[in-house]
Amino acid sequence: MKKEQKFVPRPGQVDFTNMRWAPVINCVVRYKRKILIVQRSKGMRLYPEHWNGISGFLDDGRGLREKALEEIQEETGLPKSSIRSMFLGAVFDQDAPEHKKTWIVHPILVEVDTDTLTLDWEAQNYKWTTCDDALKHKLLPGFEKVLRILLKKRHISLEEIE
């Protein structure tokens with residue numbers, strides 16, 4: 001089992017490790033009528049073995065679309081050419097008192113043209129499923145809200161805001 005390495009920021013990157021507020025993206029990847037959920041690896045520092053979308057910190061100067069593309073490619077192996085559209089849902093705060101943190105969650109719905117992927121070390125399992133089935137899993141706190149926001153058509157195209 002691979003353990004999460006201690007975070008060392010690259011030039012221009014913000015380290016949110018000890019900050020109270022942390023902006024993140026949480027992407028729901030959808031292929032046809034199914035959504036992708038991934039089970040975080042046992043070696044993850046935060047929320048090991050919880051199910052989630054594809055997520056990451058907004059810790060550099062890149063825009064939402066670029067950051068979402070990077071995380072999806074890194075965590076699933078899906079190339080940019082497989083992405084058909086991206087939509088931003090309503091941003092919300094998710095308190096995590098156990099980590100002394102409030103996540104500023106940017107939900108993003110990503111439509112893709114394939115269900116073939118290769119996970120990186122951050123996830124130990126994945127499943128293409130329905131929203132109702134996803135809700136039966138041990139979800140990362142706030143992911144249920146991400147699903148409800150994005151799958152109830154409360155979003156706008158990322159291309160409209162960037």
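User: What does buried mean here, and what is the relative accessible area of aspartate 120?

Analyst: Buried means under 20% relative accessible area, and the structure examined here is a predicted model. Aspartate 120 lies in the loop between E7 and E8. This residue counts as buried because its relative accessible area falls under that cut-off, at 18%.

User: Which backbone nitrogen lies 3.0 Å from a polar atom of the side chain of aspartate 120?

Analyst: Leaving aside neighbours within four places in sequence, aspartate 120 is in contact with Glu74 and Glu75. A polar atom of the aspartate 120 side chain also lies 3.0 Å from a backbone nitrogen, and that nitrogen belongs to glutamate 122.

User: How many residues apart in sequence are the parts tied together by tyrosine 31 and tryptophan 128?

Analyst: A search of the whole structure finds 3 aromatic pairs. One of them joins tyrosine 31 to tryptophan 128, with 6.2 Å centre to centre and 65° between the planes, which makes the pair edge-to-face. Because tyrosine 31 lies in strand E1 (residues 21-31) and tryptophan 128 in strand E8 (residues 123-129), the parts that this pair ties together are apart in sequence by 97 residues.

User: Is the pair of phenylalanine 57 and tryptophan 103 stacked, edge-to-face or tilted?

Analyst: The two rings lie 5.8 Å apart, centre to centre, with 55° between the planes. Planes under 30 degrees apart count as stacked and those over 60 as edge-to-face, so this pair is tilted.

Terms used
Residues are numbered from 1 along each chain as its sequence is written. This is a predicted model: local features need pLDDT of at least 70, side-chain atom pairs count only at pLDDT 80 or more; totals for chains, interfaces and linings use all residues. Side-chain values use heavy atoms; hydrogens and water are left out. Rings of Phe, Tyr and Trp (its six-membered ring) pair if their centres lie within 6.5 Å; planes under 30 degrees apart count as stacked, over 60 as edge-to-face and the rest as tilted. Helices (H or I, at least four residues) and strands (E, at least two) are DSSP runs, numbered from the N terminus. Buried means under 20% relative accessible area, exposed over 50%, partly exposed in between (1.4 Å probe, protein chains only). A polar contact is a pair of N or O atoms within 3.5 Å; within protein, one must be able to donate a hydrogen and the other to accept it, and residues adjacent in sequence count only if both atoms are side-chain atoms. Contact means heavy atoms within 4.5 Å.
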